[in-house]
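Welcome, and thank you for stopping by to look at this model.

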Amino acid sequence: MLKLIVCIKQVPMVSELPWDSRTNTLKREIADGMINPGCKHALEAALQLKRQYGADITVITMGPPMAEEILREAAALGADRGILLTDKAMAGADTLITSYTLARAIEKECPGFDLVLCGSCTSDSETAQVGPQLMEELGIPGAAYVENIQLKNRTLIMKRESDDFLETLEMDLPGLVTITTRQYAPGYASLAGLQDAFDKADIRKLSAGDLNLDIKKIGIKASPTKILKVYSPSAEKENIMLKGSAKKIVDTLFEKFGDKISGAIGKDLKTHDHEENDDK
Amino acid sequence: MTNKIKKSIWVFGDYRNYFQNRVTLQLLARARELAPKIQAEVCAVVFGCSLDEYVGEYIAHGAQKVYVTDHPVLKDYNVETYSVLMEKLVKTHNPEILLTGATYFGREFAPRVAKRLHTGLTADCIGLEINKDGLLVQTAPSFGGNLLAEIVTPETRPQMATVRPGTFQEIPHDYNARGRVINIPLPDNLPKPGVRLISSQKLPQREQRLEDAKIVICGGRGMGSKTKFKKLFELAKIMEAEVGATRPAVYSRWAEHEALIGQAGKHISPKILFSFGISGAIQHTAAINDADLIIAVNKNPNAAMMKMADVAIAADANQICSSLIRELKKRIRE
Ligand SMILES: Cc1cc2nc3c(=O)[nH]c(=O)nc-3n(C[C@H](O)[C@H](O)[C@H](O)COP(=O)(O)OP(=O)(O)OC[C@H]3O[C@@H](n4cnc5c(N)ncnc54)[C@H](O)[C@@H]3O)c2cc1C
């Protein structure tokens, strides 16, 4: 049977950015986490392979203990088991180190895997780097930003749009793909399925010790990139709020931004004509 | 020669789609600005087949040296092969900085090169500076641009970044510029790539109107109905703007799918973005961050869209739209 691995990540729900404007920092401990939308598409691609050919799906994530929830959600959607890599020593890893850690876990826990699927990008850090770096780290072929996969025996046919070229690629398994959000619309977990997954799903929790990882090679200290500063550009923006009658608002808008609008449309704008509006 | 230049800043030559995508030239321009701060020379690196034209362009746009591997085997872009070539070249010449355009190719290629060299890489940067310690400070967006991070790679080399196209301005073509061309032969032990290209077809030049528009007028569910949404087209006509839409507006068939702005649609960078009746979900806002000035209209002053706007208008979207149309008709001098 096909052995599939899907790498998923828990990201904050960011319709409201968890930004603390008092301390000017990101609230890291935000309770609400969800499966990164991109990863859900990768899971869906795996589930379709499972429906077509039969497959065994392991979802794997590295994160804080609460990331267990997204593994359970993935189980409710149809994954067979989940692996949570969780250890303070792993925290703060950049993509180079994340891909290293994931690769060691995959090698140890899922020997003989056929295909690794990742989302192509996360909604929080948006690097799109973990997938390609995982290909190198596992020493297997792979392609990023793949839109569609078809399996022919042990050859994977991949289609993607890349820099205005429509490409068809193929590789022999084992391999890795990162899946875009263009196809593979994710399904919903049923309430009963979720309930079941929360009661019974097979979730393994592994620490650095369980994987025999050298603490010096993982986590924030081992990561070559360092974050100097994180800031919210909107917090630094002069944000003005206009209220009142539509007419008054639009007048203010032209007063303050008339030049800018005029520049963008390439036509002159008359300034406000008082008499015209003095309708008694 | 005394005072020999030791350091170098490299720019990967990404020339596929040369006429649309000038990111390599933009990076060469920025590299030239940064180079004096660390006494470096600016080099371009290019792999492929029949490359003379590009080599010439890179020199005319600021490259002082160009490393070239020109061979029929390299005709098609291949991430695996190009990564191996770049790794070898970097290990021989030790550049201080290696910059790549954040094209699809660049964003797959650079992480693999960084992994092979065990160095840091910052994705999709929108700013590059040299700080007082001589480190490359890379500004990268996260959370759909709602946050910016400044990132450095203090210990390992090269310092690597992919940079979003359009971030920097290319310098004007200089026919008199001189540069050294260094031909690097194809290594004979080049591993066979595991991914095979079966076909590659250039897509017809897409209508880029929305992406190029100076003003975009974007409407969301808050417009309320197709009839009301139509007013946005009227406003757009007056301002010679393009109309964009959120997913609910597209799903309700108020706008064509082509108008979708967001993670699943187009990425825009207008001078002015009008946002009417849009809540500001991340899947939408991720694609509008390059707008210079955002004017948002929403009944709800606390909507996420209002927080990221420069001008937040707490009012009914239809009324503001109508009022704008009326005022513009009065004010525009033909
Ligand atoms: C994987 C995935 C991908 C997605 N990709 C995209 C994408 O590419 N693009 C995209 O847009 N969405 C995308 N979405 C959907 C996205 O999450 C949001 O649902 C969508 O952007 C919301 O659109 P909206 O703001 O128009 O609607 P709503 O969220 O319903 O917001 C309507 C807003 O209008 C305001 N309003 C109501 N009436 C009025 C009025 N009379 N005057 C003024 N304001 C009013 C309300 O206060 C509200 O803020 C995606 C979702 C997922 C899960």
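Predicted model: local features only at pLDDT ≥ 70, side-chain atom pairs only at ≥ 80, totals over all residues.

Residues are numbered from 1 along each chain as its sequence is written, chains are lettered from A and ligands numbered from 1 in the order in which they are written, and side-chain values use heavy atoms, with hydrogens and water left out.

The names of elements work like this: helices (H or I, at least four residues) and strands (E, at least two) are DSSP runs, numbered from the N terminus. Two strands pair if DSSP finds at least two bridges between them. Now return to that meeting point, where three bridges join β16(A) to β16(B) and the two strands run parallel. Along this pairing, A:Ile240 stands opposite B:Val311.

Which strands make up the sheet, and in what order? Six strands form an open sheet, ordered β16(A)-β16(B)-β15(B)-β14(B)-β12(B)-β13(B), with parallel pairing. At its edges stand β16 (240–242) of chain A and β13 (242–245) of chain B, each with a single partner strand, so one side of each has no neighbour in the sheet. Direction ignored, neighbouring strands are turned by 20° against each other on average; here, axes are lines fitted to C-alpha atoms, for helices over the stretch in contact, and angles run from 0 to 180 degrees between N-to-C directions.

Next, follow β15(B), residues 293–298, inside this sheet. On one side, β15(B) is joined by five bridges to the parallel strand β14 (residues 272–276) of chain B, with B:Ile272 opposite B:Leu293. β15(B) also pairs in the parallel sense with β16 (residues 311–314) of chain B, over four bridges. Here B:Ala296 has B:Ala312 as its bridge partner, and B:Val297 has B:Ile313.

Is β15(B) mostly covered or mostly open? It is mostly covered, with six of its six residues buried, where buried means under 20% relative accessible area, exposed over 50% and partly exposed in between (1.4 Å probe, protein chains only). In a regular strand the side chains alternate between the two faces of the sheet. In β15(B), B:Leu293, B:Ile295 and B:Val297 lie on one side and B:Ile294, B:Ala296 and B:Asn298 on the other, and all are buried. In β16(B), B:Val311 and B:Ile313 point one way and B:Ala312 and B:Ala314 the other, again all buried.

Helices of chain B meet these strands too. Helix α10 (residues 317–331) of chain B lies across β14, β15 and β16 of chain B, running at about 135° to β14(B). Elsewhere in the chain, helix α2 (residues 52–60) has B:Tyr54, B:Val55, B:Glu57, B:Tyr58, B:Ile59 and B:Ala60 buried. These buried residues pack against α1 (23–34), β2 (40–48), β3 (65–70) and β10 (180–183) of chain B, contact meaning heavy atoms within 4.5 Å. After α2(B) comes B:Gly62, whose phi is positive, near 120°.

Two packed helices are described by the angle between their axes and the distance between the axes. How do the axes of α2 (residues 68–77) and α5 (residues 191–200) of chain A meet? They come within 8 Å and cross at roughly 130°. That makes α2(A) oblique to α5(A), since angles under 35 degrees count as roughly parallel, over 145 as roughly antiparallel, 65 to 115 as roughly perpendicular and the rest as oblique. The contact is made by A:Glu69, A:Arg72, A:Glu73, A:Ala75 and A:Ala76 of α2(A) with A:Gly193, A:Leu194, A:Ala197 and A:Phe198 of α5(A).

Helix α2(A) has another partner in α1 (residues 37–53) of chain A: their axes come within 11 Å and cross at roughly 35°. Here A:Lys40, A:Leu43 and A:Leu47 of α1(A) touch A:Glu73, A:Ala74 and A:Leu77 of α2(A).
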